[in-house]
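Trainee: I have a model open and would like to learn how to read it. Can we go through it feature by feature?

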Amino acid sequence: MDEAPAPELCAAVLAAAFVTEPVSGWICGDSERARRHWFAATLATHATVPGARRHLLTDGTGHPVAAAVLTPPGAEPGAGAKAAWAVRTLLRCGPGPLIRTLRYLGGTAPAAPDGAWNLEFIGVLPEHTGRGAGRRLLEQLLATAPAPGGVHLTTADPDNVTIYERLGFTTHARMRIGPITTTAMWRPTAPQEQRPHRGH
């Protein structure tokens, strides 16, 4: 697993992985171009967040299979990065995706528990789905992320809820945002997953 992949590489994987995902479909519509530009702009902005993490799972030949993006507790892009994202999204995707993204973020942000890392995205390339790649990547993330406050995520795909429940996530909120019903889930960090504190 690559724990420091380039934002654009993860963006390409996620844009392909999220073809049928409800939220990206609502935000970007059926436009592949808009979806690609939206992920590129979003991950470039996310890369400016201090402590932000990107992970890339590759196959035996080094080709990408799946990608995930996490945000540390309480962290977010600065005002300049947010403005740059808005301009880039507006110019390359149009006003609709920009407005719907802001609406979605405004509706889901209050559900995040204090002190929890946020799993922004995790996706598997379509040709690799059904082989356990997503689960393998998520298990590695949960085992290595320094998240004493646990890990939080939202999903609009009902099938994903069962998958996350098997990995220890529990539902703590459901939200209706536009046509989308989103489930907010949280998983505490098990004691054996917490890294020992090292003094200076």
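Trainee: Does Thr108 count as buried or exposed?

Mentor: Keep in mind that this is a predicted model. Burial is read from relative accessibility, and under 20% counts as buried. Thr108 has 9% relative accessibility, so it counts as buried.

Trainee: Where is Thr108 placed, and what is it in contact with?

Mentor: Thr108 has its place in helix α5. Leave aside the neighbours within four places in sequence. Thr108 is then in contact with Thr154, Met175, Ile177 and Thr182.

Trainee: Which helix packs with α5, and at what angle?

Mentor: Helix α4, residues 79–93, packs with helix α5, residues 95–108. The angle is about 140°, and the axes are 7 Å apart. Angles over 145 degrees would count as roughly antiparallel. α4 and α5 are therefore oblique to each other.

Trainee: Which residues meet where α4 and α5 pack?

Mentor: From α4 come Trp85, Ala86, Thr89, Leu90 and Cys93. They meet Pro95, Pro97, Leu98, Thr101 and Leu102 in α5. By type, the residues of this contact are eight nonpolar and two polar, with no charged.

Trainee: How do α1 and α3 pack?

Mentor: Helix α1 (residues 7–17) packs with helix α3 (residues 32–46) at about 140°. Their axes are 8 Å apart. The crossing of α1 and α3 is right-handed.

Trainee: Which residues of α1 and α3 meet?

Mentor: Pro7, Cys10, Ala11, Leu14 and Ala15 are the α1 side. On the α3 side are Arg35, Arg36, Phe39, Ala40, Leu43 and Ala44. The contact of α1 with α3 divides into nine nonpolar, no polar and two charged residues.

Trainee: Where is Ala41, and is it buried or exposed?

Mentor: Ala41 has its place in helix α3. At 1% relative accessibility, Ala41 counts as buried. Neighbours within four places in sequence aside, Ala41 is in contact with Trp85, Arg88 and Thr89. Trp85 and Thr89 are also among the α4 residues that meet α5.

Trainee: How far apart are Ala41 and Val87 in sequence and in space?

Mentor: They are 46 residues apart in sequence. In space, Ala41 and Val87 are 9.5 Å apart, C-alpha to C-alpha.

Trainee: On to the strands. What is the strand order of the sheet?

Mentor: Strands of a sheet pair through backbone hydrogen bonds, either parallel or antiparallel. Here, six strands form an open sheet in the order β1-β2-β3-β4-β6-β5, with mixed pairing. Its edge strands are β1 (53–58) and β5 (170–177), each pairing on one side only. On average, neighbouring strands of this sheet are turned by 25° against each other, direction ignored.

Trainee: How many bridges join β3 to β4?

Mentor: Two bridges join strand β3, residues 117–124, to strand β4, residues 151–155. The two strands run parallel. Asn118 stands opposite His152 in β4.

Trainee: Why is β4 largely enclosed by the rest of the structure?

Mentor: Count the buried residues. Four of the five residues of β4 are buried, so β4 is largely enclosed.

Trainee: Which strands does α1 lie across?

Mentor: α1 lies across β1, β2 (64–71) and β3. It runs at about 110° to β2.

Technical notes. Residues are numbered from 1 along each chain as its sequence is written. This is a predicted model: local features need pLDDT of at least 70, side-chain atom pairs count only at pLDDT 80 or more; totals for chains, interfaces and linings use all residues. Side-chain values use heavy atoms; hydrogens and water are left out. Axes are lines fitted to C-alpha atoms, for helices over the stretch in contact, and angles run from 0 to 180 degrees between N-to-C directions. Angles under 35 degrees count as roughly parallel, over 145 as roughly antiparallel, 65 to 115 as roughly perpendicular and the rest as oblique. Contact means heavy atoms within 4.5 Å. Ala, Val, Leu, Ile, Met, Phe, Trp, Tyr, Cys and Pro count as nonpolar, Asp, Glu, Lys and Arg as charged, and the others, Gly among them, as polar. Buried means under 20% relative accessible area, exposed over 50%, partly exposed in between (1.4 Å probe, protein chains only). A crossing is left-handed if the near helix is turned anticlockwise from the far one by less than a right angle, and right-handed if clockwise. Two strands pair if DSSP finds at least two bridges between them.
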